[in-house]
Amino acid sequence: MHRVIISGIGAEIPEAVITNEELVESFNSWVDTENARRQGTGEPMLQKSDSDFIVHASGVKSRHVIEREGILDPTRMTPRIPARPDDALSLEAEFGIASARKALDHAGVEPSQIDLIICSASHHQRPYPAIAIEMQEALGTTGAGFDMGLGCSSAAAALHMAVNLVRSGAHKRILVTTPEIITGHLNFRDRQTHFIFGDASVSMVVEGLAQGDKRPGRFEVLDTRLWTQMSNNIRTNLGYHTRTAQDDPYMINLEGNLIKQVGNKVFKEVTVAGQKFIVEFLAEHGLTPQAIRRFWLHQANARMNAMILKLSFGHDVDHDRAPMVLERLGNTAGAGAIVALSENHADMKPGDFGLICAFGAGYSIGGALIRML
């Protein structure tokens with residue numbers, strides 16, 4: 001069985017930014033128009049959104065997105081992303097390649113040295129051909145590629161698979177990529193979810209530890225773990241069969257099929273499950289939370305992360321111990337924990353332990369115990 005390392009990490013953040021104030025202005029403008037349209041129907045008035053509520057509920061102050069003008073247009077409220085011909089590189093593959101090239105550069109390896117690509121994300125642009133195969137062709141990697149997903153645990157789940165494939169000798173060097181273009185699947189007219197998400201792409205190079213490898217800043221992956229439990233509290237029903245339930249299958253009604261969640265239940269149940277997962281996973285290796293130099297948790301909710309860590313440590317934990325990127329990026333689903341890792345690892349010393357832990361729809365939790373070489 002081979003020792004396995006994360007030899008390269010890359011993150012790509014879109015340039016376009018939407019602040020809470022801009023998002024609220026767009027949402028409330030739509031609410032005013034909708035309420036005027038509903039007058040006399042007897043339906044309840046829609047609630048307006050509020051910047052202070054957003055910060056209190058989530059910790060998010062802004063988010064980066066692939067395209068902002070369509071989102072902020074009250075008559076549209078979804079990104080404006082032109083269709084591309086079949087022979088052109090897809091947007092998701094392009095986004096994945098942007099972070100993949102950074103990870104390859106960080107690892108100091110050429111695309112031709114990669115023998116498998118796993119494209120794992122909470123929201124894929126299409127079912128087939130696999131985005132990973134499209135990336136394989138564009139990058140010039142060898143072997144194979146496939147897509148997978150496990151909600152916001154997608155990157156952690158792909159890391160779990162990649163580590164064990166390398167450890168067993170089935171593959172030599174794997175590129176794990178998580179291009180999250182969530183705004184294309186988000187209902188910006190839903191007050192409970194319109195403020196949560198942003199777009200980001202991350203990639204990791206996973207390979208065996210070669211004798212005499214002296215590349216600095218690499219992490220050995222000591223162990224990985226997955227946990228799932230069925231829950232409808234974070235759900236999307238948009239899929240192949242959406243149109244089959246419509247009277248006119250060629251006029252798809254998206255209402256109710258986009259992302260929805262029961263926020264208060266998710267907060268309570270995932271907090272408990274996340275803390276239990278962390279403590280038990282570490283205990284299997286004779287470790288306590290206090291032994292971990294840095295935690296890179298899923299960037300979904302600042303209060304949730306703070307509570308998980310407080311329950312694990314018995315006291316509050318600061319940004320140095322568990323860095324957050326949520327405030328400026330929003331929830332970037334499977335990418336969030338890896339963005340936090342990418343931006344917050346250079347100061348770690350050889351022998352320092354770290355824990356990647358992501359949690360989300362499913363419910364699902366994925367973790368990786370790593371150690372700086």
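This is a predicted model: local features need pLDDT of at least 70, side-chain atom pairs count only at pLDDT 80 or more; totals for chains, interfaces and linings use all residues.
Local features need pLDDT of at least 70 and side-chain atom pairs count only at pLDDT 80 or more, while totals for chains, interfaces and linings use all residues. Residues are numbered from 1 along each chain as its sequence is written, and side-chain values use heavy atoms, with hydrogens and water left out.

Two packed helices are described by the angle between their axes and the distance between the axes. Helices (H or I, at least four residues) are DSSP runs numbered from the N terminus, and axes are lines fitted to C-alpha atoms over the stretch in contact, with angles running from 0 to 180 degrees between N-to-C directions.

| Pair | Residues | Angle | Axis distance |
|---|---|---|---|
| H7 and H8 | 263–283 and 302–313 | about 40 degrees | 9 Å apart |
| H1 and H2 | 20–38 and 51–58 | roughly 120 degrees | within 9 Å |

The crossing of H7 and H8 is right-handed, that is, the near helix is turned clockwise from the far one by less than a right angle. Contact means heavy atoms within 4.5 Å, and the H7 residues that meet H8 include Val266, Phe267 and Ile278, while those on the H8 side include Arg303, Met304 and Leu311. The residues of this contact divide into nine nonpolar, four polar and one charged, where Ala, Val, Leu, Ile, Met, Phe, Trp, Tyr, Cys and Pro count as nonpolar, Asp, Glu, Lys and Arg as charged, and the others, Gly among them, as polar.

H1 and H2 are likewise oblique to each other, and H1 passes H2 in a right-handed crossing. Here Asn20, Glu21 and Val24 in H1 meet Ser51, Ile54 and Val55 in H2, a contact with three nonpolar, two polar and one charged residues.

Methods
Helices (H or I, at least four residues) and strands (E, at least two) are DSSP runs, numbered from the N terminus. Angles under 35 degrees count as roughly parallel, over 145 as roughly antiparallel, 65 to 115 as roughly perpendicular and the rest as oblique.
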